[in-house]
Amino acid sequence: MSLDKHDVEKIAHLARLSIQEEDIPHYAQGLNNILNLVEQMSAVDTSGIQPMAHPLDAHQRLRPDEVTEVDQREAFQAIAPKTEAGVYLVPKVIE
Amino acid sequence: MHNKSLSELSTALQTGDISSVELTQHYLDRINQYNGDLNAFITVTEDRALEQAKAADKLLAEKKGGPLTGIPLAHKDIFCTKGVRTSCASRMLDKFIAPYDATVVEKTDSAGMVTLGKTNMDEFAMGSSNETSFYGPVKNPWDTGCVPGGSSGGSAAAMAARLAPVATGTDTGGSIRQPSSLCNLTGLKPTYGRISRYGMIAFASSLDQAGPMANSAEDAAWLMNIMSGFDPRDSTSVDRDVPDYTATLNDSLEGLTIGLPKEYFGEGLDPQVAEVVETAIKQYEAMGAKLKEITLPNTHLAVPTYYVVAPAECSSNLSRMDGVRFGHRAEDPKDLMDLYTRSRGEGFGEEVKRRIMIGTYALSAGYYDAYYLKAQQCRRLIRDDFLKAYEEVDVIMGPSAPTPAFRFGEKTDDPVAMYMEDIYTINVNLAGLPGMSIPAGFVNGLPVGLQIIGNYFDEARLLNVAHQYQQQTDWHTRIPDAFK
């Protein structure tokens, strides 16, 4: 199992990361090294082992459905790259 | 003033021998003197610190202060600090002024502690040498040609050079313990869920845990008392009483059973580091502890498992950095896709991009079972090894890191070579257990840490075990000559 240039481009697209064309071989090599490392898992028989998502096997806590946060829109939008009239601005999506 | 324990500083503040302003200024002066070379701090919050110190002095004068009131500390730049840049050492958050406080920051503030600044780290805590920081690498005060370890390398270097009396760090795969080992500190990664993750910028949410980095177990216990506790704002915070971690420091170690995993003393471990660690363990035997060889047979799976679980979680967590709501945004995006990809491509460094891509791949259609599910199954095997071991032993000991501090650039060519730095720490995160690193000696002038791993919520025992050793040894009091 080895990732090629095309695979790296596909993964970068899924991850919404622009990668320079000339850097792709370097990333491919790094990713393949990591996948070779990870491959060691396949030598282990894990049939019947329950996957562990949380170290203490805890479950999500529920809280009463009540408003606990105050409106901080202005504070949060103050650090946004581009806002106007209380909304976040992005390039035109719909023609 | 910078060679005193928190307890001594506290007494001096309470009795009025020194003021918090004087103490804070002393540390700010040291930061001004040394930080240019060490690069331990990303942001020094001088004005804010002096204001906090003045407020602390007022409380102390009115006899309303707590034990840590007026004592300065350094926070890793992963903890959101309201009104202060919180960068996570990334270009992505270079201009990010946190709009709220992390619970850990809120707690140290309410204890009357003084924040000196925000310490350097590997970008988004991804690294073991502090070389992935957007703000440049941190130097190890013990040898400035060497790395301080990572990812909490800035906190570690600041502590080793005595630029702060105590500091915070976070540990996802060894990021408190490994730099503590490389910089001669006492660092504790508590049980997962012990300290709130709220406002601590998430890397791998099922592994991340904050903890103290200190000059002694006693100092670490003092800060643990402040940092620990249930927080409804963190959905994985554990609702469980917090003991007074200082109360049991002096308990006897008579009858303590120490497990020595044979996997921790084999291939990959520097023989000189092994010697230091074995000497420390013999000292424990002389102090009345019993030694028992144990096995953690799935130890070799820890690094492979981690490099699926952690990247998968990071690829999800870091998807929030989209160039829209906060963080770096590329110039003149031609459309929304261009905005996302270029903002993220420019904002993240190489190691972060690599891990996001591994995680994205592991979670993508057709690969989920082979990678993520398999890793979660391996994770259980690793955890069960520990549960079995703790039926027979009270604590487990071994090295914190396979080598002492290494030189800049030594492990940057191959990511996997760097990942091996964490072979003895990473399984503790996967299991969610508490672990410590304490100073145990030196190899060619570079510090070596002893790792002590405990059962769930056994932080008090770890601190006790560490403290007793520090009553009989002086490794933890050693300071590099240039910073005395």
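Residues are numbered from 1 along each chain as its sequence is written, while chains are lettered from A and ligands numbered from 1 in the order in which they are written. Because the model is predicted, local features need pLDDT of at least 70 and side-chain atom pairs count only at pLDDT 80 or more, whereas totals for chains, interfaces and linings use all residues.

View 1. The model scores ipTM 0.96 and pTM 0.97.

**View 2. The fold and extent of chain A.** Chain A holds three helices and two strands, arranged along the sequence as α-α-α-β-β; helices (H or I, at least four residues) and strands (E, at least two) are DSSP runs, numbered from the N terminus. The C-alpha trace of chain A spans about 55 × 45 × 25 Å along its principal axes.

**View 3. Helices α1 and α2 of chain A.** The axes of α1(A) and α2(A) come within 9 Å and cross at roughly 90 degrees, with axes being lines fitted to C-alpha atoms, for helices over the stretch in contact, and angles running from 0 to 180 degrees between N-to-C directions. The two helices α1(A) and α2(A) are therefore roughly perpendicular to each other (65 to 115 degrees; under 35 counts as roughly parallel, over 145 as roughly antiparallel and the rest as oblique). In contact (C-beta atoms, placed from the backbone, within 7 Å) are A:K5, A:V8 and A:E9 of α1(A) and A:I24, A:Y27, A:A28 and A:L31 of α2(A). By class, this contact has five nonpolar, no polar and two charged residues, where Ala, Val, Leu, Ile, Met, Phe, Trp, Tyr, Cys and Pro count as nonpolar, Asp, Glu, Lys and Arg as charged, and the others, Gly among them, as polar.

**View 4. The interface between chains A and B.** Chain A contributes 41 residues to the contact and chain B contributes 55 residues. On the side of chain A that touches chain B, α1 (5–14), α2 (24–38) and α3 (73–77) each supply at least two residues, and the largest share, seven residues, comes from α2(A). That side of chain A comprises 29 nonpolar, nine polar and three charged residues.

**View 5. The two domains of chain B.** The domain assignment, whose bounds come from an automatic or database source, gives domain 1 (6–256 + 396–483) and domain 2 (300–377) of chain B. Their centres, taken over C-alpha atoms, are separated by 27 Å, and the contact takes 28 residues from domain 1 and 23 residues from domain 2. On the domain 1 side, α13 (415–419) and α14 (426–431) each supply at least two residues, and α14(B) gives the most, with three residues.

**View 6. Helices α7 and α15 of chain B.** Helix α7 (residues 217–227) and helix α15 (residues 459–472) of chain B pack at an angle of about 155 degrees, with their axes 8 Å apart, which makes α7(B) roughly antiparallel to α15(B). In this packing B:A217, B:E218, B:A220, B:A221 and B:M224 of α7(B) meet B:E459, B:L463, B:A466, B:H467 and B:Q470 of α15(B). These contact residues divide into six nonpolar, two polar and two charged.

Definitions and conventions: Contact = placed C-beta atoms within 7 Å.
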